[in-house]
Amino acid sequence: MQAISLPAISLDKLESAVYTKKEVTVVVLRLDKIHPLIAGNKWFKLRYYIAEAKRHEKPILTFGGAWSNHILATAALCKQEKIPSIGIIRGEESSILTPTLNRAKELGMELKFISRADYEKKILPAAINSASYFIINEGGYGLLGVKGAATMLDYCIRDNYTAVCCAAGTGTMMAGLVNAALPTQEIIGISVLKNNLQLTEDVKKMLEATERKFRIIHDYHFGGYAKYTTALIGLMNNFFKQHNIPSDFVYTGKLFYAVDELIQKDFFPRGSSILLIHSGGLQGNDSLKKGMLIF
Ligand SMILES: *Cc1c(COP(=O)(O)O)cnc(C)c1O
């Protein structure tokens with residue numbers, strides 16, 4: 001399997017007449033380029049969990065849905081590191097696996113399906129003794145994930161930016177960015193879940209300095225987690241045409257849409273220099289009908 005390539009990370013400046021007129025610069029940190037399966041924030045969030053699991057010499061057990069970037073990234077990393085892995089998948093097994101789960105299985109992850117009710121309560125199948133495993137939360141949520149995400153900013157010159165914007169699911173990546181950012185920088189998270197008002201508290205719990213300010217915007221979920229509209233798909237296609245940067249409809253498409261609109265609405269003061277985190281997730285686009293996206 002292809003190795004992780006950190007030198008592939010680039011900083012792509014977006015050329016746009018609107019951004020010039022608004023006197024803002026926008027740069028995308030392309031973490032999506034490090035690996036086709038272990039892309040973006042998932043590698044950063046997993047790196048210290050994997051190291052811990054190796055130290056404990058335990059197989060890994062983790063959780064996710066049928067299209068989970070986290071499940072696939074964990075499966076691929078475990079294959080690379082020769083660690084056995086089990087994925088606890090939300091929902092009953094269907095006769096046809098999603099491409100995501102198929103790939104995870106091909107990479108050697110053992111998949112166990114549990115009902116949505118059991119999944120909510122994290123009730124494991126009776127045959128699994130949780131003490132024998134190193135357990136990683138769904139999405140890499142938790143302090144080791146935060147510590148890993150903080151290292152994302154090592155791939156840019158921090159001082160160059162007045163604001164850092166990212167998509168937020170569990171908020172783990174965002175907490176890492178807040179911890180790693182300069183006190184003068186504003187960290188803005190675009191929540192991809194509908195009305196997840198608990199997110200502020202979730203992020204706060206993971207901060208080193210609890211007084212650090214950050215901002216979460218709840219207006220760009222497009223109907224909820226993994227929901228989309230034609231406007232969102234339209235922006236993703238235009239963004240690719242204009243900047244040659246692919247995005248995913250669950251996370252980064254919503255981030256790019258939000259920031260573009262916020263710039264147009266003068267949310268950012270003139271002279272702002274905005275860093276957008278491309279956190280990966282492109283494999284999830286396989287769940288869309290063919291032809292919807294031009295990339
Ligand atoms: C998982 C994921 C996120 C969300 O990260 P959190 O730390 O859960 O907020 C953002 N972008 C992509 C592409 C992801 O796969």
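**Notebook: helix packing and selected loop residues**

I began with the contact of helix 6 and helix 7: Gly145, Val146, Ala149 and Ala150 in helix 6 meet Thr172, Met173, Ala175, Gly176, Leu177, Asn179 and Ala180 in helix 7. Contact is taken as heavy atoms within 4.5 Å. I sorted the residues of this contact into 7 nonpolar, 4 polar and no charged. In that sorting, Ala, Val, Leu, Ile, Met, Phe, Trp, Tyr, Cys and Pro count as nonpolar, Asp, Glu, Lys and Arg as charged, and the others, Gly among them, as polar.

I note that the model is predicted, that local features need pLDDT of at least 70 and side-chain atom pairs pLDDT 80 or more, and that totals for chains, interfaces and linings use all residues. Residues are numbered from 1 along each chain as its sequence is written, and side-chain values use heavy atoms, with hydrogens and water left out.

Angles under 35 degrees count as roughly parallel, over 145 as roughly antiparallel, 65 to 115 as roughly perpendicular and the rest as oblique. The axes are lines fitted to C-alpha atoms, for helices over the stretch in contact, and angles run from 0 to 180 degrees between N-to-C directions. Helices (H or I, at least four residues) and strands (E, at least two) are DSSP runs, numbered from the N terminus.

I found the crossing of helix 6 over helix 7 to be right-handed. That term applies when the near helix is turned clockwise from the far one by less than a right angle, and left-handed when anticlockwise.

I then checked burial (buried: under 20% relative accessible area; exposed: over 50%; partly exposed: in between; 1.4 Å probe, protein chains only). I listed them as Thr172, Met173, Met174, Ala175, Gly176, Leu177, Val178, Asn179 and Ala180. In helix 6, I recorded Gly145, Val146, Gly148, Ala149 and Ala150 as buried. The buried residues of helix 6 pack against helix 2 (41–56) as well as helix 7.

I computed the second pair, helix 9 (residues 230–243) and helix 10 (residues 252–264), at an angle of about 85 degrees, with axes 9 Å apart. Helix 9 is therefore roughly perpendicular to helix 10. On the helix 9 side I found Ala231, Leu232, Leu235, Met236 and Phe239, which meet Gly253, Lys254, Phe256, Tyr257 and Asp260 in helix 10. The residues of this contact divide into 7 nonpolar, 1 polar and 2 charged.

In the loop between helix 9 and helix 10, I looked up Ile245. Ile245 is buried, with a relative accessible area of 0%. Leaving out residues up to four places away in sequence, Ile245 touches Asp12, Leu14, Val28, Arg30, Phe239, Phe240, Phe256 and His278. Two residues of that list, Phe239 and Phe256, also belong to the contact of helix 9 with helix 10.

**Helix 3 and helix 4**

For helix 3 (residues 69–81) and helix 4 (residues 99–106), I found axes that come within 8 Å and cross at roughly 15 degrees. Helix 3 is therefore roughly parallel to helix 4. The crossing is left-handed. Ile71, Leu72 and Ala75 in helix 3 meet Thr100, Leu101, Arg103 and Ala104 in helix 4. I counted 5 nonpolar, 1 polar and 1 charged among these contact residues.

**Loop residues**

- Ser16 lies between strand 1 (11–13) and helix 1 (17–21) and is buried, at a relative accessible area of 11%. A polar atom of the Ser16 side chain lies 3.1 Å from the backbone nitrogen of Tyr19.
- Asn196 sits between strand 8 (186–191) and helix 8 (199–205) and is buried at 15%. Residues up to four places away in sequence aside, Asn196 touches Gly169, Ser191 and His218.
- Glu57, between helix 2 and strand 3 (60–64), has a positive phi of about 50 degrees although it is not a glycine. Glu57 is exposed, with a relative accessible area of 73%.
- Lys122, between helix 5 (116–121) and strand 6 (134–136), has a positive phi near 55 degrees. Lys122 is partly exposed, with a relative accessible area of 36%.

Technical notes
Polar contact = N/O pair within 3.5 Å; in protein donor to acceptor, adjacent residues only side chain to side chain.
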